Amino acid sequence: MLESNLVKLRALEPEDVDILYKWENDTGIWKVSNTIAPFSKYILRQFIQEQQRDIYETRQLRLIIEAKTTGKPVGAIDLFDIDPYNARAGIGILIHDTKDQGQGYASHALAILIRYSFLVLNLHQLYCNIPHDNIRSLSLFKSKGFSIIGLKKEWTKTTSDWQDEYMLQLISFKR
């Protein structure tokens, strides 16, 4: 269920601390991850350990996206703010290295996690927040059926100004 012919989604392993350290501390992506301070390996080890607990307790799930042919981690995909009562969750995705972007990894991973969210977790809806100028992410999520439901004006502060952010939503395909 958590793989396609291109990618495999897997749980975090203790050995992932170095790759998470690299990704989480890349200031170039802090804008989209709402990060303003670096993470220590100690904190990341704790985060990995927390992922072993039930997702309804932690209200989040992070999976590593591996390239199926090489087994190399190319990114991560998250469910966050999982709300069991209202059957919804936020979703975010990262393909870190530019050479891995545009290879279909994000598209396959997103399709897999959508199916998993609706068919296994029985969620009713997914949502995501995307900066207005992130055309690739907007295109990706829209290609999977997400609809823009609003624009939050001057929502995110950057180092030089304020940035608008779109909110997108996908209602379950099972009715």
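Select Val120 to begin: this residue is partly exposed, with a relative accessible area of 42%, where buried means under 20%, exposed over 50% and partly exposed in between, computed with a 1.4 Å probe and protein chains only. The model is predicted, so local features need pLDDT of at least 70 and side-chain atom pairs count only at pLDDT 80 or more, while totals for chains, interfaces and linings use all residues. Residues are numbered from 1 along each chain as its sequence is written, and side-chain values use heavy atoms, with hydrogens and water left out.

Val120 lies in the loop between helix H5 (105-119) and strand S5 (125-131), helices (H or I, at least four residues) and strands (E, at least two) being DSSP runs numbered from the N terminus.

Next, step into helix H5 and select Leu113, which is buried at 1% relative accessibility. Leaving aside residues up to four places away in sequence, Leu113 touches Leu9, Leu63, Ile77, Asp78, Leu79 and Ile91, a contact being heavy atoms within 4.5 Å.

Now turn to the aromatic rings, where two pairs are counted; rings of Phe, Tyr and Trp (its six-membered ring) pair if their centres lie within 6.5 Å, and planes under 30 degrees apart count as stacked, over 60 as edge-to-face and the rest as tilted. Phe80 and Tyr127 are edge-to-face, at 6.0 Å centre to centre and 80° between the planes, and this pair links strand S3 (residues 73-83) to strand S5 across 47 residues. Phe80 is partly exposed at 27% relative accessibility, whereas Tyr127 is buried at 14%.

Finally, select Phe141 and Phe146, whose ring centres are 5.0 Å apart with planes at 85°, so this pair is edge-to-face.
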